Structures are given as C-alpha cells and as structure tokens.
Amino acid sequence: MPKYLLSVWYPPDATQPSPDELARIHEDVTAVHAELETAGAWVFGGGLHEASTATVVTVRGGDVLVTDGPFAETKEQLGGFSVIDVADLDAALSWADKTSRATGCPIEVRPFIEEPGA
C-alpha cells in the first residue's frame, strides 16, 4: 500500500492555544492516532517544537554551515506530521479530514515516492 505524509500546518494568524485548548487538541489527535493504529494504517508521527528551535545544516563546497532557525522564512509553520500506509489517496484524504478536525489546522497530504521492489 502507498504511504502518505499528513503535515499539520499552522496558519500565519494562528495563536498559541490556551492550556485547556491544547489539552483538548492533544486528546483529539491521540484519538485519531489510536484509530489509525487500530486500522493498521499508522506508521509514524509526532508534533514538533516551534520553527525557531530548528537548526539547518548545509554543505557547500565541502564546508559545513550550521544556522539557527528554520530553513524557510514563511508565515505558516509545520507543527507536526503523520506517516500513514493506506490503500489510496481517497483513504489518505479521509484521515487528513479527521486530523484537520482534531487539530483545527490545514493538513497537507503528499504521497511518498514508491521504491522499486518495495
């Protein structure tokens, strides 16, 4: 079955949820992940710290450059992701719907390139 990446994107106007809202979101996301596991579709996933905690490593001409902060300067931020293994795009979109409802954020769905013989 093909694998898909479900990316949780925080919109540019998003504000930090209150502790109560964050607890509800965590509970809702955990329920979706449990449902994915029960369906045999869960591969891996997790939430991410804010983009300001990122470190970028770039090699140019044999030199290594280490830069604090995100690679791309964008208003949207990647907040978390799930890798799922489902029958097709329609199934992936169905899980993205549930994930968007749980997080309140847009979910980008992208298929992995299938490796020959995999």
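**Exercise 1. Locate Val57 in the chain, state whether Val57 is buried or exposed, and describe the patch to which Val57 belongs.**

*Step 1.* Val57 lies in strand 3 of this predicted model. Helices (H or I, at least four residues) and strands (E, at least two) are DSSP runs, numbered from the N terminus. The model is predicted, and local features need pLDDT of at least 70, side-chain atom pairs count only at pLDDT 80 or more, and totals for chains, interfaces and linings use all residues. Residues are numbered from 1 along each chain as its sequence is written, and side-chain values use heavy atoms, with hydrogens and water left out.

*Step 2.* The relative accessibility of Val57 is 57%, so Val57 counts as exposed. The classes are buried (under 20% relative accessible area), exposed (over 50%) and partly exposed (in between), with a 1.4 Å probe and protein chains only.

*Step 3.* Together with Val59, Val64 and Val66, Val57 forms a nonpolar surface patch that has about 380 Å² of accessible area in total. Strand 3 (55–60) and strand 4 (63–68) are the elements that give two or more residues to this nonpolar patch. Patches are made of residues with over 30% relative accessible area and no salt bridge; like charges are joined within 9 Å, and nonpolar side chains (Val, Leu, Ile, Met, Phe, Trp, Tyr) within 5 Å. Accessible areas come from the Shrake-Rupley method with a 1.4 Å probe, and for residues only the protein chains shown count as cover.

**Exercise 2. Determine how many salt bridges there are, and examine the pairs Asp85 and Lys3, Lys98 and Glu35, and Arg101 and Asp97.**

*Step 1.* A salt bridge is a side-chain nitrogen of Lys or Arg within 4 Å of a carboxyl oxygen of Asp or Glu. The count by this rule is 4 salt bridges.

*Step 2.* One of them joins the side chains of Asp85 and Lys3, at 3.8 Å from N to O. This pair links distant parts of the chain, since Asp85 belongs to strand 5 (residues 77–85) and Lys3 to strand 1 (residues 3–10), 82 residues apart. Asp85 is buried because its relative accessible area is 18%, whereas Lys3, at 35%, counts as partly exposed.

*Step 3.* In the salt bridge between Lys98 and Glu35, the closest N and O atoms are 2.5 Å apart. Here too the pair links distant parts of the chain: Lys98 is in helix 2 (residues 89–103) and Glu35 in helix 1 (residues 19–38), 63 residues apart. Lys98 counts as partly exposed at 30% relative accessibility, and Glu35 counts as partly exposed at 36%.

*Step 4.* Arg101 and Asp97 meet through their side chains in a salt bridge of 2.6 Å, N to O. Because the two residues are 4 apart in helix 2, about one helical turn separates Arg101 from Asp97. Arg101 is exposed, with a relative accessible area of 65%, while Asp97 is partly exposed at 36% relative accessibility.

**Exercise 3. Describe the open sheet: the order of its strands, the strands at its edges, and the bridges made by strand 5.**

*Step 1.* The open sheet consists of 4 strands in the order 2-5-1-6, with antiparallel pairing. Two strands pair if DSSP finds at least two bridges between them.

*Step 2.* Strand 2 (42–47) and strand 6 (107–111) are at the edges; each has a single partner strand, so one side of each lacks a neighbour in the sheet. On average, neighbouring strands of this sheet are turned by 20° against each other, direction ignored. For such values, axes are lines fitted to C-alpha atoms, for helices over the stretch in contact, and angles run from 0 to 180 degrees between N-to-C directions.

*Step 3.* Strand 5 pairs with strand 2 in the antiparallel sense over 5 bridges. Among the bridge partners, Trp42 has Ile84 of strand 5, and Gly47 has Gly80 of strand 5.

*Step 4.* Strand 1 and strand 5 run antiparallel and are joined by 8 bridges. Tyr4 has Ile84 of strand 5 as its bridge partner.
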